[in-house]
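Here is a note on the model you asked me to look over. Please read it with the structure open.

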Amino acid sequence: EWSSAGTVQSNAGWKDILGERFTTSESLIKALINRIESNESCLQQVCRLNFQLDKELEAKRAPLSVAEHRIELRARRPGQELIKDHFQDALQHERAILSKARERFAELLQAGKAIREALESAKEEMARELQIRRHAARLERSALLYDAYHGNDRVCALPRVQKAGAPGESPTSSPRNEHASPTQQSQRAVRWTLDQSRVAEDRARSFINEATDSLAQLKRDTEAATIATHNSMQKRIKETQDLRRLLDKGISDNATMIARTEHSLAKLRNEMQRQEMVLEHLDKQAKEPLSKFDMRLPEQFREEMRREAEGRIDEQVQATRKNLQILQERSQDAAGLLQTLNTSRRQLLSDSEHKSAARTIDVTCSKLTVTNVEEGSEYGTPKALAAIQVQKPNKKRQPPPLDPEILEMVRQRIRAAAYTGHAGPELDVLFTRFDKDGSGQLDE
């Protein structure tokens, strides 16, 4: 027995082989540990990126809902206001950008989950190989420390472990070489596992770079689209308000023109009545008999005087009829102008009401925010959206227009009240004091 132990101890070749195998196992263990640490670092980055992608995907849901609700609201504008203006273009562009961003975030999130699963699978495989390599290194170290003198004192007792590189024990089995020794096959399996982990990490780093760039670019695009929509919305509200003010000024000027035209038409009609009375009087004078003249005069003189009077009366009648014809033509023109002005007034009132309805809808769109939609406020509910209708024309009886003299007196008093000193009259300051709701209009 001692001679056999001495023979084994004297065989230096086996120690060299064991030492080489132990060194190889140590290097594989270090490689596995380094690769596991790299895998964990990469896995943490992927998990953080997946969390950020999921957060951005959820964060873009409310802005997209706001854009869709605004588009639905603007579809309720009056017929003549259903134009594709810059605000509508900005809303549609924002909705397209947000939809594209959500789709891209969902794609990246799905790819990130696949990358994470691949990294976790590679990590589990490397952890299993690391456990096997450590057991193998302990066995090899125990075999190096064994000698006949100490016997089994230095032998390391280890539990049973799975056989390294056993087929069917890993979801990704490495290729085998039937002519290679079990030790070589085990080392090749470890190196193949390291290569697979390296490939998974390369894919993960490529995904991290791509997802980070896409995330930053999409955030910039969505922020730019949101800012552009906000600016366009405020600009459209101001444009609608300015147009409504112009229409209100047109309505006021139209009312003044109607009052003046009606006043002129009344004067023309009064003058026509006076001319008709004059004409009737002249007709009566033309029919006066000779007995109206001085009977002491000879009949021949009276006849001449009558003919002269009839000639003067005929001239006056012709002139009166001509004036009456001119007055009738002017009266017809004034009546036609009055009808045109009334038609224009109705159109201006209708346009002003439609502009007011469009502005109300745009102001409601400005009140639709992410907070309102997330909290489920009244602006975001379908019931509230369906309740918004175009304001119908006011059926109140319009008061009669004022006379031009009264209008001029009112203007003078308003200018006097708006006088602020060296700056002169400032009408906007005066009206702002009474415009409590900021609508740009004063109620009756």
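Helices (H or I, at least four residues) and strands (E, at least two) are DSSP runs, numbered from the N terminus. This is a predicted model: local features need pLDDT of at least 70, side-chain atom pairs count only at pLDDT 80 or more, and totals for chains, interfaces and linings use all residues. Residues are numbered from 1 along each chain as its sequence is written, and side-chain values use heavy atoms, with hydrogens and water left out.

1. Overall make-up. The protein has 10 helices and zero strands. Read from the N terminus, the order of elements is α-α-α-α-α-α-α-α-α-α. Of the 444 residues, 33% are buried. Buried means under 20% relative accessible area, exposed means over 50%, and partly exposed lies in between (1.4 Å probe, protein chains only).

2. Range of contacts. Contact means heavy atoms within 4.5 Å. Take the contacts between residues at least 6 apart in sequence: 81% of them join residues at least 24 apart.

3. Helix H2 and glutamate 40. Glutamate 40 sits in helix H2, residues 12-59. Its relative accessible area is 31%, so glutamate 40 is partly exposed. Lysine 123 is 83 residues away along the chain, yet the two C-alpha atoms are separated by 7.8 Å.

4. Helix H2 and isoleucine 33. Isoleucine 33 also belongs to H2. This residue is partly exposed, at 28% relative accessible area. What does isoleucine 33 contact, leaving aside neighbours within four places in sequence? The partners are Leu130 and Arg134. Isoleucine 33 and leucine 130 are 97 residues apart in sequence, but 7.6 Å apart from C-alpha to C-alpha.

5. Helix H3, length and cover. H3 has 14 residues, which should span 20 Å at 1.5 Å a residue; the end C-alpha atoms are 20 Å apart, so the two agree. The expected span is 1.5 Å times one less than the number of residues. H3 is mostly covered, with 11 of its 14 residues buried. Among them are Ala62, Val66, His69 and Leu73. Arg70 and Arg74 are on the buried list too.

6. How H3 and H4 pack. H3 covers residues 61-74 and H4 covers residues 86-145. Their axes come within 9 Å and cross at roughly 150°. Axes are lines fitted to C-alpha atoms, for helices over the stretch in contact, and angles run from 0 to 180 degrees between N-to-C directions. H3 and H4 are therefore roughly antiparallel. The cut-offs are: under 35 degrees roughly parallel, over 145 roughly antiparallel, 65 to 115 roughly perpendicular, and the rest oblique. The crossing of H3 and H4 is left-handed. That term applies if the near helix is turned anticlockwise from the far one by less than a right angle; clockwise is right-handed.

7. Residues at the H3 and H4 contact. From H3 come Arg61, Pro63, Leu64, Ala67, Glu68, Arg70, Ile71 and Arg74. They meet Phe87, Gln88, Leu91, Gln92, Glu94, Arg95, Leu98, Ser99 and Arg102 in H4. By class, this contact has seven nonpolar, three polar and seven charged residues. Ala, Val, Leu, Ile, Met, Phe, Trp, Tyr, Cys and Pro count as nonpolar, Asp, Glu, Lys and Arg as charged, and the others, Gly among them, as polar. An α-helix has 3.6 residues a turn, so residues three or four places apart point the same way.

8. Glutamine 88. Is glutamine 88 buried or exposed? At 10% relative accessibility, glutamine 88 counts as buried. This residue lies in H4. Beyond neighbours within four places in sequence, glutamine 88 contacts Ile71, Arg74, Arg77 and Ile83.

9. Alanine 75 lies in the loop between H3 and H4. Alanine 75 counts as exposed, at 53% relative accessibility. The C-alpha atoms of alanine 75 and isoleucine 361 are separated by 9.5 Å, across 286 residues of chain. Aspartate 221 is in helix H5, residues 182-286, and is partly exposed at 29%. The C-alpha atoms of aspartate 221 and alanine 101 are separated by 8.7 Å, with the residues 120 apart along the chain.
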